[in-house]
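The following note collects points for a colleague who is reading this model alongside its sequence. Each point may be checked against the coordinates.

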Amino acid sequence: MRVARWHGQRDVRVDDVDEPALDADAVRIDVTAAGICGTDLHEYADGPDFLPAPGDPHPLSGVTPPVPLGHEFSGTVAEVGADVTAVSVGDPVTVNPAVVCEDCRYCRAGDHHLCPDVANIGLGMESGGFAESVVAPEGNVVGLPPDLPVELGALVEPYAVGLHAVRRSALDAGDSVAVFGCGPIGLTILEMARVAGAGEIFVSEPRAGRRALAADLGADVTLDPRAGDAVETVREATDGGVDVAFEAAGVTPTYTAAIESTRHGGEILTVGIAQSPVDVVPKDIAVRERSIVGSNGYLSGPRGREEFGAVVDRLAAGDCHPGALVTGRISLDDIVDGGFEALLGDDGDHVKILVEP
Ligand SMILES: [Zn+2]
Ligand SMILES: [Zn+2]
């Protein structure tokens, strides 16, 4: 079985390996498509971050490099373990990649997505989606309706990130929204905010192609932060600021713009997983009584189906447009040059590249 594995920084190889063993409660899936995510690019260029380091086994999975990559994927069930009842061979499925310990204070409280020992399929497990096949626990496998193209099931994961961010926010029907950064996650937030009944939606994004896509997906106002004062435009149009801003870039200019574009008492959702410090003026939070709220992935463990299932329903109903985010399709053999390097070198309009093994 062929699988793309992280061996080190800028060293991802398509290796031929034995298929992982199938436990009684596990499902083997023939992969139809797997999306390349910003997290994959970060691991490729600067990892290991979520990945275990060489010689330092993952606390939950025990895996060390080389590690399979690919955590956004879909496919068809090829084989089921003896105890599996939820899916059958031939079923189209996607997978919630987060596998949790079930034993820490967060898992015991039902907040599985906060588990400190989480291991994601494709980010620290024996399997990953950039492969001909994947093995996943039954509880992580989510069925797809027959009328949704299987490949688009690979987009359920990033849409679940968008849904979780909207659910973490105080967004109420009719509330105004600003989204800073229109990469894949900013765009799924935009679509989920629209589904959730947001009022006027502003987006700020320097790339013209992504602004056009955001407009197609329902943004009312698209702003180029390099062409004018996006904050001033938002504040003037909304009597002093939006109710909720989503920050999906994670650098100081967008972070401060997200804060300053919210009204007094407004809320800023931190969704971008940047690790470099950003400058925040405490007065802008304190005096305006703004709230900064973090959003991490999506629900996992037994509750993971709540958000993954809701996303599958929205995609099947046509409320979201995952096909519009797909700007490239490549083979597994082309994953480095046509995938990672192409996205890292891209200052054009790529959004999501699907690997089709
Ligand atoms: Zn991802
Ligand atoms: Zn846990």
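1. Gly301 sits in the loop that runs between β16 (291–294) and α9. As the model is a predicted one, this placement should be read accordingly. With a relative accessibility of 21%, Gly301 falls in the partly exposed class, because buried would require a value under 20%. Setting aside neighbours within four places in sequence, the contacts of Gly301 are Ala98, Val100 and His112. Between Gly301 and Asp91 there are 210 residues of separation in sequence, and their C-alpha atoms are 22 Å apart.

2. On the α3 side the contact is formed by Val156, Glu157, Tyr159, Ala160, Leu163, His164 and Arg167; on the α9 side it is formed by Glu306, Glu307, Phe308, Ala310, Val311, Val312 and Leu315. By class, the residues of this contact of α3 with α9 comprise 9 nonpolar, 1 polar and 4 charged.

3. Helix α3 (residues 156–168) also meets helix α4 (residues 184–195); their axes come within 8 Å and cross at roughly 55 degrees. This angle makes α3 oblique to α4. The crossing of α3 and α4 is right-handed. Pro158, Tyr159, Val161, Gly162, Leu163, Ala165 and Val166 of α3 face Ile185, Thr188, Ile189, Glu191, Met192 and Ala193 of α4 in this contact. The contact of α3 with α4 divides into 10 nonpolar, 2 polar and 1 charged residues. Tyr159 and Leu163 of α3 are listed in the contact with α4 and also in the contact with α9.

4. Which residues coordinate the zinc ion (ligand 1)? The donors are Cys37 through SG, His71 through NE2 and Glu72 through OE, at 2.1 to 2.5 Å. Along the chain these donors follow the spacing C-x33-H-E. His71 has a relative accessible area of 4% and is buried; Glu72, with 2%, is likewise buried. Both assignments hold because the cut-off for buried is under 20%. Water is not among the atoms, so the site may look incomplete.

5. Gly47 and Pro48 are joined by a cis bond with omega of about 5 degrees. The bond from Pro65 to Pro66 is also cis, with omega near 5 degrees. Pro48 belongs to the loop between α1 (38–46) and β4 (67–68), and Pro66 is found in that loop between α1 and β4 as well.

6. Arg10, which is not a glycine, has a positive phi of about 55 degrees. Its position is the loop between β1 (2–8) and β2 (11–16). Asp239 likewise shows a positive phi, near 55 degrees, and is located in the loop between α6 (230–237) and β14 (242–247).

7. Are Arg10 and Asp239 exposed or partly exposed? Arg10 has a relative accessible area of 48% and is partly exposed. Asp239, with a relative accessible area of 78%, is exposed. The two fall in separate classes because exposed requires a value over 50%.

How values were computed. Residues are numbered from 1 along each chain as its sequence is written. Chains are lettered from A and ligands numbered from 1 in the order in which they are written. This is a predicted model: local features need pLDDT of at least 70, side-chain atom pairs count only at pLDDT 80 or more; totals for chains, interfaces and linings use all residues. Side-chain values use heavy atoms; hydrogens and water are left out. Donors are N, O and S atoms within 2.8 Å of the metal (3.2 Å for Na, K and Ca); water is not among the atoms, so sites may look incomplete. Buried means under 20% relative accessible area, exposed over 50%, partly exposed in between (1.4 Å probe, protein chains only). Axes are lines fitted to C-alpha atoms, for helices over the stretch in contact, and angles run from 0 to 180 degrees between N-to-C directions. Helices (H or I, at least four residues) and strands (E, at least two) are DSSP runs, numbered from the N terminus. Angles under 35 degrees count as roughly parallel, over 145 as roughly antiparallel, 65 to 115 as roughly perpendicular and the rest as oblique. A crossing is left-handed if the near helix is turned anticlockwise from the far one by less than a right angle, and right-handed if clockwise. Contact means heavy atoms within 4.5 Å. Ala, Val, Leu, Ile, Met, Phe, Trp, Tyr, Cys and Pro count as nonpolar, Asp, Glu, Lys and Arg as charged, and the others, Gly among them, as polar.
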